Amino acid sequence: MKLLAATLVSLALGTPALAQGTASMPTPLETASALSVADIQSVSPALGRYAKEDVAGLWQRPQLSRRDRSLVTVAILIARNQMLDLPHYIDLALDSGVTPRELSETITHLAFYSGWSNAMAAVAVTKDIFAQRRVGPDQLPAASPQLLPLNEQAEATRVASVQRLLGTAAPGLDQYTTDPLFKDVWLRPDLSPRDRSLVTITSLMANGQVAQLAGHLNRALDNGLTQEQAGEVVTQIAFYAGWPNAFSAGPVVAEVLKGRSN
């Protein structure tokens, strides 16, 4: 909880939190946007300064790896249908260790969590980048791969929760939540369960949809996301989805982490 408190305080005050362990500091972010610094400064010199000082500093924080931070940022942009900067951050993600398979699966996953049209917009952007990088079919996930094994206990808990929420009001939603979402999409092997949880909680935070955040955050922690990493996602949300969304998510994250510490 001390780590989370430090993260949330640093979010409010703009002060980098101390890192645990001996993780190396990543290199600075070269540019915060597809727009040049000169373009930004031609409209808002202050925004250009914040981009150079604060956004660049954000990307140097070691609580999330450059790879994870870029995956989170791509997920934010897709979830909010913010396509201007998406090519820039997809390139950054690929250069930071996110594979074409993982990007492909992220777009597929977010079709279910942020809407079909947002995923189609992301496809339109990503197909050109894949073409430029000569990403072929052999580097993409199969349409119908061998799925990961289903956690029967977790699935039973999920089914009971959905039934409590919906009853018999929306049988179609109940059906599609089971299959394809939880008995297919969540079991696809080319994005790890931990990373599926990471992009899911990112999408929920980015759109201010905190009603389901606690359940998915607990799932993320069960899937291997650390408490420190969860807190740092909130910090990334602040810059790329706005402070109000970050402060809507922050108390939910704090409560989940407190509950797991007890």
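About 440 Å³ of space lies in the second largest pocket of this predicted model. Here a pocket is an open set of points on a 1 Å grid over the protein atoms alone, where a 1.4 Å probe fits and protein lies on both sides within 12 Å along at least five of seven lines. Its volume is the space filled by probe spheres set on points joined across faces, edges and corners. Of the 17 residues lining the second largest pocket (those with an atom within 4 Å of a point), Ala32, Leu47, Val55, Asp85 and Phe239 are closest to its centre. Helix 3 (45–58) and helix 12 (227–241) each give two or more residues to this lining; helices are DSSP runs (H or I) of at least four residues, numbered from the N terminus.

Now for the largest pocket, with a volume of about 1,100 Å³. Among its 35 lining residues, Tyr113, Arg158, Phe182, His216 and Arg219 sit closest to the centre. Helices 6 (100–114), 8 (152–166), 9 (171–182), 10 (193–206) and 11 (213–222) each supply at least two lining residues.

Here are the two linings by class, where Ala, Val, Leu, Ile, Met, Phe, Trp, Tyr, Cys and Pro count as nonpolar, Asp, Glu, Lys and Arg as charged, and the others, Gly among them, as polar.

| Pocket | Lining by class | Largest share |
|---|---|---|
| Largest pocket | 21 nonpolar, 10 polar, 4 charged residues | helix 8, 8 residues |
| Second largest pocket | 13 nonpolar, 2 polar, 2 charged residues | helix 3, 5 residues |

Residues are numbered from 1 along each chain as its sequence is written. In this predicted model, local features need pLDDT of at least 70 and side-chain atom pairs count only at pLDDT 80 or more, while totals for chains, interfaces and linings use all residues, and side-chain values use heavy atoms, leaving out hydrogens and water.
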